[in-house]
Amino acid sequence: MRSGPCYRPIGVFIFSTAIQFQKKKSNMEYLLKAFKTIPTKPIIGNNVFDLARNDFTEFGSRALIVTGKSSAKRCGAYDELVAVLDSLSITHSLFDRVEPNPTVESVRACVAEHTEPDFIVAIGGGSPIDAAKAIAIAFKGNLETGLTGIIAPGQMVPLVAVPTTAGTGTEATPYSVLTFHSLHNKVTIPERVFPTLSLMDPRFFMTQPAHVTVSTVLDAFTHNLEGYMGARATPVSDEFALRGIALFGATMGELNACWTHEPSPATRAKWMEASTLGGLTISIAATSLPHGMGYALTYNNGVPHGVANIATTIPYLRLCQTLPALAPRVAQVLELVGCSSLEEFDAKIKAICRELLQITLSAEQIEAYSEMVSQMKGKLASHPGPTCVEDFRVCYKHASNQ
Ligand SMILES: [Fe+2]
């Protein structure tokens with residue numbers, strides 16, 4: 001029996017019945033075309049900084065490079081970028097102190113330590129790029145100003161996003177998720193900041209430890225999944241999401257094997273594509289309950305973001321199955337991941353995650369986290385059905401002690 005207050009989302013559920021999941025053109029051609037749904041210019045290819053020389057020159061003569069501690073240098077992207085900027089006589093400074101799950105304090109520190117550049121180049125996974133989105137508007141005084149729409153070009157420093165992990169899809173979204181210690185959680189800032197330019201070079205995705213690969217690919221999968229199940233899904237976001245889910249389903253074997261075998265460049269390219277498709281999906285349809293539930297697992301229990309999302313995904317899909325509009329979609333997802341039941345899918349997820357899913361939550365944590373999610377109006381509105389605090393308890397119990 002359910003307990004606690006129930007919530008009904010205010011979002012309008014757009015259910016598309018006639019989506020034809022078709023292979024169109026080459027994968028890269030499709031992605032470039034898909035970017036036309038957002039105000040970000042994409043460039044995809046090897047030696048991507050060379051391909052962006054004209055764009056850099058148009059931005060100006062002073063660049064700020066934003067990275068995490070080491071991955072931008074380890075994958076070669078930082079050195080390649082510096083070489084191209086030097087050849088163009090563009091001066092550059094570096095802020096390389098973006099931490100995992102970046103804080104608003106890091107954003108403020110960067111702005112305090114640097115003069116406003118003509119453009120920012122953010123290299124890394126979701127953390128440096130999300131931080132750079134906030135930095136780009138903070139230089140213009142527009143962080144935490146209550147702006148809730150899409151930031152216009154004049155309200156931000158032009159931002160170049162260079163993803164090095166296939167997961168967040170932040171190169172194709174307006175979202176910046178920052179850690180606010182005052183709120184004891186991660187929060188999506190209200191400002192909507194699309195990168196001005198996104199540069200995707202498959203070579204930069206080649207050098208990741210297995211646990212990073214697993215977590216980031218699962219993050220991409222949950223973006224596509226939650227967007228597909230979400231109240232704001234449209235025929236366009238459905239097409240992106242289904243392509244992304246199919247790519248995940250086709251590469252689950254390689255993801256499981258990545259603990260012992262380096263994935264092939266072709267597989268990495270598929271995950272890059274699925275990640276960007278996930279970003280495009282949630283730029284339209286937004287994330288939903290697993291992301292809302294996952295933030296507390298990351299903030300309090302140190303669970304990597306993608307793993308935190310997948311930890312509650314199976315009970316979330318059971319919840320979706322109870323809705324007549326979503327039950328066929330759950331069946332379609334199962335088909336695309338090659339499973340005949342949610343139990344079979346659960347077993348495959350656990351096999352892929354291994355010790356990453358060893359999460360232990362106390363009864364107090366389950367209660368506190370469930371109550372917190374029940375207050376997340378945005379995430380609740382993304383789910384096209386009623387939810388109760390008990391639903392979240394069930395999800396967190398599933399996540400615990402797996
Ligand atoms: Fe995510």
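Predicted model: local features only at pLDDT ≥ 70, side-chain atom pairs only at ≥ 80, totals over all residues.
Local features were considered only at pLDDT of at least 70 and side-chain atom pairs only at pLDDT 80 or more, whereas totals for chains, interfaces and linings use all residues. Residues are numbered from 1 along each chain as its sequence is written.

The domain assignment divides the protein chain into domain 1 (6-21 + 209-399) and domain 2 (47-200); such bounds come from an automatic or database domain assignment. The C-alpha centres of domain 1 and domain 2 are 26 Å apart. Domain 1 brings 22 residues to the contact and domain 2 brings 17 residues, where two residues are in contact if their C-beta atoms, placed from the backbone, lie within 7 Å. On the domain 1 side, the elements giving two or more residues are H8, helix H11 (265-285) and helix H12 (289-301). Helices (H or I, at least four residues) and strands (E, at least two) are DSSP runs, numbered from the N terminus. H11 gives the most to this side, with 11 residues. By class, the side of domain 1 that touches domain 2 holds 11 nonpolar, nine polar and two charged residues. For this count, Ala, Val, Leu, Ile, Met, Phe, Trp, Tyr, Cys and Pro are nonpolar, Asp, Glu, Lys and Arg are charged, and the others, Gly among them, are polar.

H8 and H11 also pack against each other. Two packed helices are described by the angle between their axes and the distance between the axes. The axes of H8 and H11 come within 8 Å and cross at roughly 35 degrees; axes are lines fitted to C-alpha atoms, for helices over the stretch in contact, and angles run from 0 to 180 degrees between N-to-C directions. This crossing of H8 and H11 is left-handed, a term used if the near helix is turned anticlockwise from the far one by less than a right angle (right-handed if clockwise). H8 contributes Val217, Ala220, His223, Asn224 and Gly227 to the contact, and the residues from H11 include Trp271, Leu277, Ile282 and Ala285. The contact of H8 with H11 has seven nonpolar, seven polar and no charged residues.

A residue is buried if 20 or more other C-beta atoms lie within 10 Å of its own, exposed if 12 or fewer, and partly exposed in between, with C-beta atoms placed from the backbone. In helix H15 (residues 327-336), Arg329, Val330, Val333 and Leu336 are buried. These residues lie on the same side of H15 because they cover an arc of only 125 degrees around the axis, the arc being that of the directions from the helix axis to the C-beta atoms. Ala327, Pro328 and Ala331 are exposed on the face turned away from the buried side of H15. The buried residues of H15 pack against helix H8 (210-229), helix H9 (235-250) and helix H14 (313-321). Glycine 338, with a positive phi near 70 degrees, follows H15.

In helix H6 (residues 104-113), the buried residues are Ser106, Val107, Cys110 and Val111. They fall within an arc of 135 degrees seen down the axis, so they line one face of H6. The face turned away from them carries the exposed residues Ala112 and Glu113. Packing partners of the buried residues of H6 are strand E3 (62-66), strand E4 (91-95), helix H7 (126-138) and strand E7 (177-180).

Some single residues also deserve a look. Alanine 161, in strand E6 (residues 159-163), counts as buried because it has 29 C-beta neighbours inside 10 Å. Its contacts, leaving aside neighbours within four places in sequence, are Ala122, Ile129, Thr170, Glu171, Pro195 and Ser198. Methionine 252, in helix H10 (residues 252-257), has 19 such neighbours and therefore counts as partly exposed. With the same exclusion, methionine 252 is in contact with Val337, Lys348 and Ile352. The C-alpha atoms of methionine 252 and lysine 348 are separated by 8.3 Å, though these residues are 96 residues apart along the chain.

Most residues other than glycine have a negative phi. Asparagine 47, however, has a positive phi near 50 degrees, and lies in the loop between strand E2 (41-44) and helix H2 (48-51). Histidine 184 has a positive phi near 55 degrees and lies in the loop between E7 and strand E8 (185-188).
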